[in-house]
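Good morning, colleagues. Please have the sequence and the model in view.

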Amino acid sequence: MGEVDPAFIQEPEHRPKVSYIEGKGVPLIDLSPILSSNNVSAIEFEGLVKEVGDACKCWGFFQVINHGVPLEKREKIDDASRKFFAQSLEEKRKTCQDYGQEMVKLAYKLLELIALSLDLPADRFHGFFKDQTSFIRLNHYPPCPTPELALGVGRHKDAGALTILAQDDVGGLEVKQKTDGEWVRVKPTPDAYIINVGDIIQVWSNDTYESVEHRVIVNSERERYSYPFFLLPPLSTMVEPLEELTNKKNPAKYRAYNWGEFISHRSQSNFQKQKVENLQISDFKISE
């Protein structure tokens, strides 16, 4: 495998621990009630909405099963990911488009549950994504001879609205717990998707829900594949706390910012190892 490029070696305070805590508490949510052809009871539905709300508030992350995404679509994107660099551009687009449509459908179901958990109409977020800039990323992490020095992806928060992650059985995603700041490993669950709320939902919810820091650990023996879908609004979107979630007792905590300008600035620095933080939503926080 050779030596690790110094560009990937983390500063001592950001290096992963050889031993790790497994995040058994990361919620696993069954979406079958909203996909069933049978009528769902009000109690079942309200319970599901509460589960999603509690997960967003306490973790910022959760996993979903019985999500309605056909297994063959996920298998196709997995196969495409592994063959990616040998395929033509046309083939790459064709394996990704079908899967992307399934991700959009799942994202809308999740947005509806999140909206309801905030006491908003189910379709409150739909209008923000008519000309969305969402995309899928295919990630490949080769084995690393010194996993205690390097990271696959450094600590960061997702800038968009929602991320839906599919990963193989190798694992490596770590989430920073809100309770104590410890990094915990998210154990892969077969055919589950890992969901995390991004900065945009944090701002829309006026800090009711929080975009949580996470990172990716590398493996010394096995390569890892993952394919996140990032749900993003049009570049012209002005992001600010929703009017329904602010009042005199709970005023807006953020100034409005332009999504296109924000992500353009972030994209220039996202994958660079820097001494200072790149642009964050905290830069738009209103002083109390």
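Predicted model: local features only at pLDDT ≥ 70, side-chain atom pairs only at ≥ 80, totals over all residues.

**Val 216 and its surroundings**

Let me begin with Val 216, which touches Tyr 141, Leu 151, Gly 152, Val 153, Gly 172 and Arg 224, not counting residues up to four places away in sequence; contact here means heavy atoms within 4.5 Å. Residues are numbered from 1 along each chain as its sequence is written, and side-chain values use heavy atoms, with hydrogens and water left out.

Val 216 is found in strand S11, residues 214-216. Strands are DSSP runs of E with at least two residues, helices are runs of H or I with at least four, and both are numbered from the N terminus. Is Val 216 buried or exposed? Its relative accessible area is 7%, so Val 216 is buried; the term means under 20%, while exposed means over 50% and partly exposed in between, using a 1.4 Å probe and protein chains only. The C-alpha atoms of Val 216 and Val 175 are separated by 8.9 Å, and these two residues are 41 apart along the chain.

**The chain as a whole**

The chain has 6 helices and 14 strands. Of its 288 residues, 45% are buried. Taking contacts between residues at least 6 apart in sequence, 81% join residues at least 24 apart.

**Aromatic rings**

I turn now to the rings. How many aromatic pairs does a search of the whole structure find? The search finds 8. Rings of Phe, Tyr and Trp (its six-membered ring) pair if their centres lie within 6.5 Å; planes under 30 degrees apart count as stacked, over 60 as edge-to-face and the rest as tilted.

One of the pairs is formed by Phe 135 and Phe 230: the ring centres are 5.0 Å apart and the planes stand at 35°, so this pair is tilted. Because Phe 135 lies in strand S4 (residues 135-136) and Phe 230 in strand S12 (residues 224-231), the pair ties together parts that are 95 residues apart in sequence. Phe 135 is partly exposed at 34% relative accessibility, whereas Phe 230 is buried at 12%.

Next come Trp 259 and Phe 262, whose ring centres are 6.3 Å apart with planes at 25°, so the pair is stacked. Both residues lie in helix H6 (residues 259-267), 3 residues apart, about one turn of the helix. Trp 259 is buried, with a relative accessible area of 1%, and Phe 262 is buried as well, at 2%.

Ring pairs also link Phe 125, Phe 128, Phe 129 and Trp 204 into a cluster.

**Asn 258**

Asn 258 is buried, with a relative accessible area of 18%. Which backbone nitrogens lie by polar atoms of its side chain? That of Gly 260 lies 3.0 Å from a polar atom of the Asn 258 side chain, and that of Glu 261 lies 2.8 Å from one. Leaving aside neighbours within four places in sequence, Asn 258 is in contact with Leu 235, Ser 236, Thr 237 and Met 238.

Methods: Polar contact = N/O pair within 3.5 Å; in protein donor to acceptor, adjacent residues only side chain to side chain.
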